[in-house]
Amino acid sequence: MYLLEEAIINPLKNCSAQKKIKSINSNIIESAKLFELITNNSTDLIILYNRDFSIIYISPSVKRVLGYEQFEIIGKKTDDIFAVHEPLKSDEPQIMAYRHKFKADRILLESVIKPVIVNGVIDCYLGISRDVAVRENLKRKLEQALKKEKAINETKSKFISMASHELKNPLATISSSLELLSIYLQDDEHLKKVKLEKHITRINTQLERLNGIINEVLLIEKTKAQNSEVKLEKLDLIDFIRQLIKESFTESHLDKIKIKSKESIIHISSNKILLYHIFKNLIENAIKYSKPDKLKIQIIIEVSDIYVEVSVKDHGIGVSSAEKDKLFNQFYRSDSASEVSGFGIGLTIVKECATMLNAKVSFRSALNKGSSFKVCLLKLV
Ligand code: ADP
């Protein structure tokens with residue numbers, strides 16, 4: 001009876017074991033196919049590291065991403081091949097730069113490395129690396145655009161605060177003078193004339209000031225937009241500066257401004273309009289930022305083989321070293337200048353005009369000691 005049972009059940013048992021083995025085998029084949037499908041088609045790099053970070057496996061995508069064959073990499077450590085440090089054992093994505101084997105490109109890979117735990121201990125590490133160059137480039141461009149936008153907004157708000165201060169004052173003077181004029185119209189003839197003249201002069205001065213500010217702002221925009229070639233002409237620099245001082249500054253300032261030069265004639269090839277804006281602004285600032293008892297401006301002209309250097313030197317209030325980098329920024333005014341009226345565009349004009357002439361502007365300044373702004377022009381040889 002027993003033998004009969006054995007004889008009947010055993011073949012049945014054997015049959016189901018064989019079925020199980022068959023199904024396991026087909027599962028393994030399926031898994032292997034699936035694994036191959038994933039790794040062959042993955043655009044990411046799939047890497048398996050030993051505990052010492054030598055590479056056990058790397059997906060074929062390494063050929064496309066870094067130009068290497070799988071066999072060149074397996075068994076090696078990343079820093080043997082790519083000269084990068086050992087992958088960081090962190091769950092956070094890390095971006096590192098790699099070199100392609102053949103192309104000169106720098107490749108940015110973002111990698112995540114995770115330990116593979118078997119029986120409670122780290123058996124190996126699994127890493128996934130992705131080429132993020134396009135994304136990082138876009139991010140950099142967006143950051144730059146944002147920075148530019150921020151700078152524009154800062155300039156705008158500086159302009160508004162300057163404008164509200166610098167434009168409001170002349171307007172307030174004009175409006176109060178006009179009010180007084182209408183009252184004085186009722187006075188007797190002589191008194192009326194004297195008072196009217198005084199206020200008409202005040203109105204004209206303030207209108208000139210407003211006009212000057214508007215013209216300077218427009219000049220910056222014009223020079224920035226101008227791509228056309230600057231027309232150059234031969235001129236004597238010393239004579240030009242002498243004329244400029246005579247025509248642009250009041251009698252009371254003339255004897256405070258001295259030109260110092262070993263040569264009596266210096267020919268340069270330049271543009272009179274641009275030179276005018278450069279030196280008018282520098283000399284105006286030298287006067288503006290000097291206390292009346294220390295008003296002594298020197299214009300020092302030095303000639304070398306190819307350059308003419310013109311320094312406008314004063315003994316005025318100067319600027320602190322912390323502010324030096326910002327001085328040429330549009331609408332920037334230093335703390336030391338708060339008591340002097342200004343719009344923060346004079347030096348921007350100087351810089352723009354100098355750029356158009358291929359001239360360099362530099363300066364030295366010490367708080368409460370004075371400043372010296374130097375313009376380096378090309379000499380006519
Ligand atoms: P503004 O004189 O109208 O303020 P500028 O662009 O000419 O505008 O100058 C910018 C700032 O640079 C000034 O506000 C002042 O703080 C500083 N600055 C320029 N020139 C001098 C100078 N010669 N001495 C001291 N500070 C100066």
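**View 1. Ile 300 faces Ser 311 across a strand pair.** Ile 300 stands opposite Ser 311, a residue of β10. This is a predicted model: local features need pLDDT of at least 70, side-chain atom pairs count only at pLDDT 80 or more, and totals for chains, interfaces and linings use all residues. Residues are numbered from 1 along each chain as its sequence is written. β9 (residues 297–303) and β10 (residues 307–313) pair in the antiparallel sense, over six bridges. Strands are DSSP runs of E with at least two residues, and helices are runs of H or I with at least four, numbered from the N terminus. Two strands pair if DSSP finds at least two bridges between them.

**View 2. Five strands make an open sheet.** Their order is β7-β9-β10-β12-β11, with mixed pairing. β7 (257–261) and β11 (360–366) stand at the edges; each has a single partner strand, so one side of each is left without a neighbour in the sheet.

**View 3. Helix α10 has a span that agrees with expectation.** Buried residues of α10 include Leu 274, His 277, Phe 279 and Asn 281. Buried means that 20 or more other C-beta atoms, placed from the backbone, lie within 10 Å of the residue's own.

**View 4. A shell of 22 residues surrounds the ligand.** The closest are Tyr 289, Ser 334, Ala 337, Gly 342 and Gly 346.

Notes
Near = placed C-beta within 6 Å. Expected span 1.5 Å × (residues − 1). Buried ≥ 20, exposed ≤ 12 C-beta atoms within 10 Å, placed from the backbone.
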